[in-house]
Amino acid sequence: YVLEQKLTAALGTGRAQQWKLCVLLTESLCTQRSWKDVLAAALDAGADCIQVRAKEMDAGWLFERAAYVVEQCRGRASVIINDRPDVALLAGADGVHLGQTDLAAPQVRRLVGRQLLIGVSTSNLTQAKRAQIEGADYCGVGPMFATTTKHKPVLAGPDYLKQYVAWNSLPHLAIGVITPANLPELVAPGGRGVAVSSAVCGAGDPAAVVSEMLGHLANFDPTGETSR
């Protein structure tokens, strides 16, 4: 039984997907439009993944939000829930995203089996390789760029993305203060997918921002189903 659990963890879901643009839907960053308006605009513009991120929200409210997002995204985009595998399962989301200080991927895999994709935030190749061994389906890669509002002890930068792409064992989402202006710096070394928060959530025209960013990523088509 223990061996079976370890094997299940290491295999992941076997249906990892390379998204182009994941919008980190964060209500506090939606300063010009409501979060529901931002969601609708992002989907209409072609965002293929939405991550629900609401760290301070009580579980009950988070479930209601997640369920709403899942319904809106059905047949249009994948839905990932930040930090909470329980909420992801109950809401019918596609996956859960874990930070380095959250539950480890093998622990979450024991809880969810192969029902959920598992993503893991990484800031170096050592963490990425460990995430692969532990059964992650994709990696967050970053942070790419510095922010003036939130100090990051480690700035991975585009150099890490270049290393990750050369390794190229798992789908990725580059993350960290990514905007239409600096996105070309990530496309150049082979970046195929990005996760974006403020640039979309705080925009007066979220759809225009999503469209512009997808234009930069147009040379890299998602590979769809990938196998291990």
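Predicted model: local features only at pLDDT ≥ 70, side-chain atom pairs only at ≥ 80, totals over all residues.
Residues are numbered from 1 along each chain as its sequence is written, and side-chain values use heavy atoms, with hydrogens and water left out.

Let's start with helix 5, residues 105–112 (helices are DSSP runs of H or I with at least four residues, strands are E runs of at least two, both numbered from the N terminus). Its buried residues are Ala105, Val108, Arg109 and Val112 (buried is under 20% relative accessible area, exposed is over 50%, partly exposed is in between, using a 1.4 Å probe and protein chains only). Looking down the axis of helix 5, these buried residues fall within an arc of 105°, so they line one face of the helix (the arc is taken from the directions from the helix axis to the C-beta atoms). Arg110 and Leu111 are exposed on the other side of helix 5.

Most residues other than glycine have a negative phi, and most peptide bonds are trans. Aspartate 83 has a positive phi of about 75°; it sits in the loop between strand 3 (78–82) and helix 4 (85–91), and is partly exposed at 22% relative accessible area. Valine 177 also has a positive phi, near 55°. The loop holding valine 177 runs between strand 7 (172–175) and helix 8 (184–187), and this valine is partly exposed at 40%.

Finally, glycine 142 and proline 143 are joined by a cis peptide bond, with omega about 5°. Proline 143 lies in the loop between strand 6 (138–141) and helix 7 (157–167).
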